[in-house]
Amino acid sequence: EDDDDDDEDSSEEESSSEEESDNSSEEEDEEEKKTDAQRKREKALARIQKRREDAEKKKTVDELRAAVVCVLGHVDTGKTKILDKLRRTNVQDGEAGGITQQIGATNVPIDAIKENTKYVKGFAEFELKVPGLLIIDTPGHESFSNLRNRGSSLCDIAILVVDIMHGLEPQTIESINLLKTKKTPFVVALNKIDRLYDWNTMARRDVRDIIKGQAANTQLEFEQRTKEVVLQFAQQGLNAALFYDNPDPRSYVSLVPTSAITGEGMGNLLGLIVQSCQNMLAKRLMFSEELQATVLEVKAIPGLGTTIDAILVNGYLREGDTMILAGTDGPVVTQIRSLLMPQPMKELRVKNAYIEHKEIKAAQGVKIAAKDLEKAIAGLNLQVAQKPDEVEILRDEVAKELKSALSGIRLTERGVYVQASTLGSLEALLEFLRTSKIPYSNIRIGPVVKKDVMKASTMLEHESQYATILAFDVKVERDAQELADTLGVKIFQADIIYHLFDKFMAYRDEIKQKKRDEFKHIAVFPCKLKVLPQFVFNSRDPIVMGVMVEAGIVKEGTPICVPSKEFVELGVVTSIENNHKNVESARKGQEVCIKIEPIPGEAPKMFGRHFDEKDFLISKISRQSIDACKDYFRDDLLKTDWQLMVELKKLFQIL
């Protein structure tokens with residue numbers, strides 16, 4: 001008997017009743033297995049869900065985590081100086097509550113903040129609840145766009161550095177827009193006040209007193225420049241005010257006058273950030289046991305292999321945890337081998353640069369060593385599975401997050417192939433390409449391998465200039481490079497966006513020039529000429545005569561015909577003279593002398609017999625020539641030339 005599904009009816013008829021019962025029990029087993037897996041999955045899902053809900057319930061305003069602070073601003077406004085100053089705030093070595101340098105971030109504990117804000121008026125009475133601040137080290141956009149977290153940015157609050165001498169600059173405005181889109185609250189460090197005329201430095205005092213202590217003209221300049229900055233913020237649609245004159249911190253951005261060099265105003269800046277955190281961000285800063293960690297960068301360290309630097313925003317990380325993170329070839333599941341933090345500054349003599357920790361509580365920066373991290377992607381969250389049955393679910397979550405991050409990227413059908421090392425750098429590069437009007441047809445995070453070259457080579461048949469891979473900050477595998485050379489795919493590699501752009505543009509121009517030379521003879525420019533009968537110097541072979549360019553552009557190599565005489569073809573323009581000087585082309589309104597050589601193998605046409613002064617001469621265009629003009633000489637022709645082209649097209653009845 002056959003128990004085939006297709007022949008089920010027939011087999012059932014034949015089979016005895018015992019066999020029937022046998023059959024159905026097998027099916028039930030299958031069913032059970034399936035529901036078993038599903039049940040397991042649902043159980044795990046419910047557990048994860050419950051854990052998240054419990055963590056939500058446990059959060060209180062009394063237990064806050066450190067706030068994550070980013071520093072943004074235009075180049076040369078003093079971002080790095082401010083970071084340095086915030087890091088090395090005057091805490092003597094080895095004093096309790098010193099500032100520790102962490103991976104990718106600096107942890108400024110509350111004691112250091114207290115020490116630093118001693119002379120800030122009214123701050124001592126303020127009850128401090130935040131355990132400290134975690135200041136992200138890498139200043140600038142890249143890191144900020146890399147620090148995305150479930151749609152919001154990982155930064156709780158940002159410091160926007162503005163040079164008081166220059167006001168808002170292009171990158172400052174870019175940063176403001178970033179902050180607006182991410183809805184990140186920020187304070188402004190009005191930096192470089194020491195550059196004001198006749199500035200008199202007074203250390204360790206409240207910046208309000210320092211300003212009051214300045215000479216009248218210095219105060220005046222300060223007020224004028226501040227007013228200007230406030231005005232510029234208004235143009236960006238933001239209310240701004242000096243922090244001590246701020247009518248409503250919720251709707252006005254606070255400006256803190258600072259000097260990163262002398263340290264003036266830095267205490268006020270710290271104080272203001274802490275106050276903003278506790279007043280406006282307390283809810284956001286409640287410590288949650290639910291893990292929230294973002295991968296900042298992936299890097300190889302001698303002796304440790306490939307490691308990841310992560311910012312732990314909420315929850316705990318423990319040695320031995322199974323973590324799941326996005327990778328270039330699908331999610332990576334691996335066990336945390338060690339959690340590393342740098343040695344405190346004073347113990348540099350120790351052989352090992354890092355101290356291992358068994359457990360880390362948010363918010364901190366940490367380096368994670370584990371197997372299989374070569375393919376990890378920076379810029380996304382990492383997850384931890386508490387039990388083996390959760391791995392699958394979290395894998396899906398991680399994959400979904402990467403997919404949604406990439407799905408926002410709009411690709412064109414024809415364009416270059418773009419590869420970058422992290423999500424942040426990919427987005428930065430694509431943003432740049434978009435503003436430079438360079439289309440991209442495909443994107444990938446990770447090194448250039450043969451598969452990428454194959455994909456990029458599909459552009460060869462469409463548009464060869466796009467059969468290129470722009471590799472930003474990634475390495476190119478040797479066999480991929482070899483394949484590219486054989487196929488004719490160009491790979492440009494650089495770790496600075498502009499360099500990559502320049503290389504591509506130079507290549508693009510080179511191709512364009514080649515194509516133009518190739519199609520020079522095919523592309524016919526449209527022109528309409530009127531014969532000047534008093535200037536006919538030679539009536540045949542070659543025809544030499546004066547003409548008035550009525551419309552369009554006549555250039556050497558243009559075939560000429562006479563529409564009113566059944567489109568008889570006269571030949572090709574071989575030279576053009578204007579005031580006895582040879583010119584390559586002549587435009588509408590010019591009177592020039594042209595020489596028309598007859599078509600080889602045809603009887604030369606003659607002025608007076610085949611055409612006369614009443615006939616207009618036009619360039620002989622074809623479908624091919626129009627396409628060539630469109631593709632390679634679009635910019636050489638004006639709007640009026642294209643209008644003439646349309647007229648001629650109708651004349652020649654070109655479809």
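Does Cys-155 count as buried or exposed, and at what relative accessibility? At 1% relative accessibility, Cys-155 counts as buried, and the views below, which are all drawn from a predicted model, begin with this residue.

**Figure 1. The disulfide between Cys-70 and Cys-155.** In this predicted model, a search of the whole structure finds one disulfide, formed by Cys-70 and Cys-155, whose sulfur atoms are placed 1.7 Å apart. The pair links distant parts of the chain, since Cys-70 belongs to strand β1 (residues 67-73) whereas Cys-155 sits in the loop between β6 (152-153) and β7 (157-163), 85 residues apart. Cys-70 counts as buried at 3% relative accessibility, and Cys-155 is likewise assigned to the buried class at 1%. A disulfide is a covalent bond between the sulfur atoms of two cysteines.

**Figure 2. Cys-527 and Cys-629, two buried cysteines.** The cysteine sulfur closest to that of Cys-527 belongs to Cys-561 and lies 9.4 Å away, which is too far for a bond, the cut-off for a disulfide being 2.5 Å between sulfur atoms. Cys-527 counts as buried, with a relative accessibility of 0%, and for Cys-629 the computed relative accessibility is 0%, so that Cys-629 counts as buried too.

Figure 3. Arg-225 is partly exposed, having a relative accessible area of 27%, while Glu-221 counts as buried at 14% relative accessibility. Side chains of opposite charge can pair when their charged atoms come close.

**Figure 4. A salt bridge between two loops, Lys-358 to Glu-319.** Lys-358 forms a salt bridge with Glu-319, in which the closest N and O atoms are 3.2 Å apart. Lys-358 lies in the loop between β16 (354-357) and β17 (359-361), and Glu-319 in the loop between β13 (316-318) and β14 (322-325), so the pair ties together parts that are 39 residues apart in sequence. With a relative accessible area of 61%, Lys-358 is exposed, whereas Glu-319, at 27%, is partly exposed.

**Figure 5. Further salt bridges, including a network of four residues, Arg-47, Arg-51, Asp-389 and Glu-390.** A search of the whole structure finds 32 salt bridges. Among them is the pair Lys-614 and Asp-612, whose closest N and O atoms are 3.6 Å apart, and in which Lys-614 is exposed with a relative accessible area of 66%. Elsewhere, salt bridges link Arg-47, Arg-51, Asp-389 and Glu-390 in a network.

**Figure 6. Helix α10 and its buried residues.** Helix α10 (residues 391-407) has 17 residues and reaches 24 Å from its first C-alpha to its last, close to the 24 Å expected at 1.5 Å a residue. Its buried residues are Val-391, Ile-393, Leu-394, Val-398, Glu-401, Leu-402 and Ala-405.

**Figure 7. A nonpolar surface patch made by Met-454, Leu-460 and Leu-487.** Leu-487 is found in helix α13 (residues 478-487) and is partly exposed, with a relative accessible area of 34%.

**Figure 8. Backbone geometry at Asp-541, Pro-542 and Lys-192.** The peptide bond joining Asp-541 and Pro-542 is cis, with omega at about -10 degrees, and Pro-542 is found in the loop between β24 (527-538) and β25 (543-555). Asp-541, whose place is in the loop between β24 and β25, has a positive phi of about 40 degrees although it is not a glycine, and Asp-541 counts as partly exposed at 42% relative accessibility. Lys-192, in the loop between β8 (186-191) and α7 (207-212), is a residue other than glycine with a positive phi, near 70 degrees, and Lys-192 is buried with a relative accessible area of 15%. Most residues other than glycine have a negative phi, and most peptide bonds are trans.

Technical notes. Residues are numbered from 1 along each chain as its sequence is written. This is a predicted model: local features need pLDDT of at least 70, side-chain atom pairs count only at pLDDT 80 or more; totals for chains, interfaces and linings use all residues. Side-chain values use heavy atoms; hydrogens and water are left out. A salt bridge is a side-chain nitrogen of Lys or Arg within 4 Å of a carboxyl oxygen of Asp or Glu. Buried means under 20% relative accessible area, exposed over 50%, partly exposed in between (1.4 Å probe, protein chains only). Helices (H or I, at least four residues) and strands (E, at least two) are DSSP runs, numbered from the N terminus. Patches are made of residues with over 30% relative accessible area and no salt bridge: like charges are joined within 9 Å, nonpolar side chains (Val, Leu, Ile, Met, Phe, Trp, Tyr) within 5 Å. Accessible areas come from the Shrake-Rupley method with a 1.4 Å probe; for residues, only the protein chains shown count as cover. The expected span of a helix is 1.5 Å times one less than its number of residues.
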